[in-house]
Amino acid sequence: NYKVSGRILYDFAYYVNKGVKITLYSIEDKLIENSIISEDESLKIDDIILMLEKKFNRINYDNAKKDVSSLVEDESELDVWDENYFVELTEKIKED
């Protein structure tokens with residue numbers, strides 16, 4: 001399982017549901033900086049979605065929920081947190 005901060009997932013869901021658009025060149029720069037992609041690769045929105053889906057497949061959602069349980073008034077809001085929920089959210093990502 002992949003350890004990820006629940007806060008990152010919380011923010012991801014929040015911003016995607018609000019319709020905030022992503023800026024590809026900014027993400028591309030960060031991925032190059034972290035040696036995830038090379039400088040000669042051209043990043044497309046579909047590439048980002050595929051990367052996210054692969055990560056969402058490996059997350060321990062129980063741990064992530066514990067991380068953010070204090071941030072939500074009703075913990076049952078987190079009941080939907082699983083791979084399917086976050087993969088479905090990727091379909092809502094909009095490019096700037």
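Before selecting anything, note that a residue is called buried when its relative accessible area is under 20%, exposed when it is over 50%, and partly exposed in between, with a 1.4 Å probe and protein chains only. The structure is a predicted model, in which local features need pLDDT of at least 70 and side-chain atom pairs count only at pLDDT 80 or more, while totals for chains, interfaces and linings use all residues. Residues are numbered from 1 along each chain as its sequence is written, and side-chain values use heavy atoms, with hydrogens and water left out.

**Colour by confidence.** The predictor's confidence in each residue is its pLDDT, from 0 to 100; the protein chain averages 93, and 100% of the residues score at least 70. Helices (H or I, at least four residues) and strands (E, at least two) are DSSP runs numbered from the N terminus, and confidence is highest in helix H5 (residues 83–90), at a mean of 97, and lowest in strand S2 (residues 94–95), at 90.

**Select Ser35.** This residue sits in the loop between H2 and H3, and has a positive phi of about 55° although it is not a glycine. Is Ser35 buried or exposed? Because its relative accessibility is 64%, Ser35 counts as exposed.

**Select Leu9, Phe12, Phe56, Trp81 and Phe86.** These residues have the most contacts inside the largest nonpolar core, which has 19 residues; such a core is a set of buried Ala, Val, Leu, Ile, Met, Phe, Trp, Tyr and Cys residues joined through side-chain atoms within 4.5 Å. Two or more residues each come from H1, H3, helix H4 (61–68) and H5, and H1 gives the most, with four. Now centre on Phe12, which, not counting residues up to four places away in sequence, touches Leu52, Phe56, Phe86, Leu89, Thr90 and Ile93, where contact means heavy atoms within 4.5 Å.

Helix H1 (6–17), strand S1 (21–22), helix H2 (24–33) and helix H3 (45–56) each supply at least two lining residues.
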